[in-house]
Amino acid sequence: MKIGILTFPNSVSYGACLQMIALQNTVRHMGHEAEILNYYNPYMKAEKHTDKGCNPLKRAIKRRVRLLLHRRLYRNFHRFEQRHVSYYPTRAFTDKRRLPEIAQRYDAVICGSDQVWCPYITDMDISYFLDFCGETTKRVAYAPSFGVVKFPDGFEEQIAPELQKFHALSARELPGKEMVERLTGRETALVVDPTWLVEAADWAAMEQPHPAATGDYILYFVVNKSSELLARCKAFAKQHGLKVVMVGGNPISAAKNKDPMLSYALDVGPEQWLYLVHHAQYVFTNSFHGMAFSVLFERNLYVQVPSHNGSRLRQVLERFGLEDREVCEGVDVTESAVDYTRIRATFAQLKEQSLAYLEN
């Protein structure tokens, strides 16, 4: 079969990039052709990293400054995707009117994974519910995430008829599964993030060393800034005589840093990010994919669960009996190793069930 995948290409996000490559490679290993539809939502591209409360001019200035400060980061992501992703068409486009014609190339189109069904990221772009697929192109959902549990007015009414047209439905989190089943009356599979369908050894083969990854270190990686988590991480590092490597920041924040225990890993490409996670002694994170790869590489992790969209992180912790790895306010972070011997069987079972869904 010839399969198209609609997700978030050309995104400077480790999770978005790596889950896209994972799903493409998994479909290929099953013996099918797979291409990433090179469509990106213009709202997401313009708004993702900006203050939506700003006026348009200030927003444009912020975006330009970000591009200048992190031009090496954008270049690193672009090069990585060029090596590992098959796009169609080769040139990215934003005009959704092109999607119906492109869909005719495929026997099936898969939407997912990541938060492709989050209306606040896509501005309620129903393309991510595959409304452009004709009668001859199967619609398949693999591990899409809504990312939130409260939706804009009219969103559920808009997506319900499109969900009914899917040949196969799945979700990455339990609340998403329950919502789809409520809207469609159809059974919806609960499957793992695509990154877990790929063997740890295959991810390791993509890695490139990072100069900060020397000796024992704590990796600090967050998607939402958290002064509390950073303070906990630094205190833990001081207690155990470890250095902290922070992924992110910018040259200005790095230059202002006076803490000898803290070093910035700036503009890290996906292959170096994989290396940093894989070789860390501990990982402190509030990122879903920071947690996902920590589990995949069997790292000792500590997770802060965000209050606004933490169900997806807490669900993983509960699945594997890792509730004690959650960093909670008022509770000390104590040093202990994760016992992965009891987790591997659960991990293997979830992976097997998810691969079976995709194969079917």
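Keep in mind that the model is predicted.

Sheet first. Five strands form an open sheet, and the pairing is parallel. The order reads S3-S2-S1-S4-S5. Which strands stand at the edges? They are S3, residues 87-93, and S5, residues 138-141. Each has a single partner strand, so one side of each is left without a neighbour in the sheet. From one strand to the next, the twist averages 25 degrees.

Strands in a sheet pair through backbone hydrogen bonds, parallel or antiparallel.

Now zoom in on one pair. Strand S2 covers residues 33-39. Three bridges join S2 to S3, and the two run parallel. Take Leu 37: its bridge partner in S3 is Tyr 88.

Next, the surface. Leu 57, Ile 61 and Val 65 make a nonpolar patch of about 290 Å². Look at Ile 61. It is found in helix H3, which spans residues 56-69. Is Ile 61 buried or partly exposed? Its relative accessibility is 48%, so it counts as partly exposed. The cut-off for exposed is over 50%, and buried means under 20%.

Last stop, Lys 351. This residue is found in helix H15, residues 344-359. Its relative accessible area is 13%, so Lys 351 is buried. What does its side chain contact? The side chain of Glu 199, through a polar contact of 2.5 Å.

Definitions and conventions:
Residues are numbered from 1 along each chain as its sequence is written. This is a predicted model: local features need pLDDT of at least 70, side-chain atom pairs count only at pLDDT 80 or more; totals for chains, interfaces and linings use all residues. Side-chain values use heavy atoms; hydrogens and water are left out. Patches are made of residues with over 30% relative accessible area and no salt bridge: like charges are joined within 9 Å, nonpolar side chains (Val, Leu, Ile, Met, Phe, Trp, Tyr) within 5 Å. Accessible areas come from the Shrake-Rupley method with a 1.4 Å probe; for residues, only the protein chains shown count as cover. A salt bridge is a side-chain nitrogen of Lys or Arg within 4 Å of a carboxyl oxygen of Asp or Glu. Helices (H or I, at least four residues) and strands (E, at least two) are DSSP runs, numbered from the N terminus. Buried means under 20% relative accessible area, exposed over 50%, partly exposed in between (1.4 Å probe, protein chains only). Two strands pair if DSSP finds at least two bridges between them. Axes are lines fitted to C-alpha atoms, for helices over the stretch in contact, and angles run from 0 to 180 degrees between N-to-C directions. A polar contact is a pair of N or O atoms within 3.5 Å; within protein, one must be able to donate a hydrogen and the other to accept it, and residues adjacent in sequence count only if both atoms are side-chain atoms.
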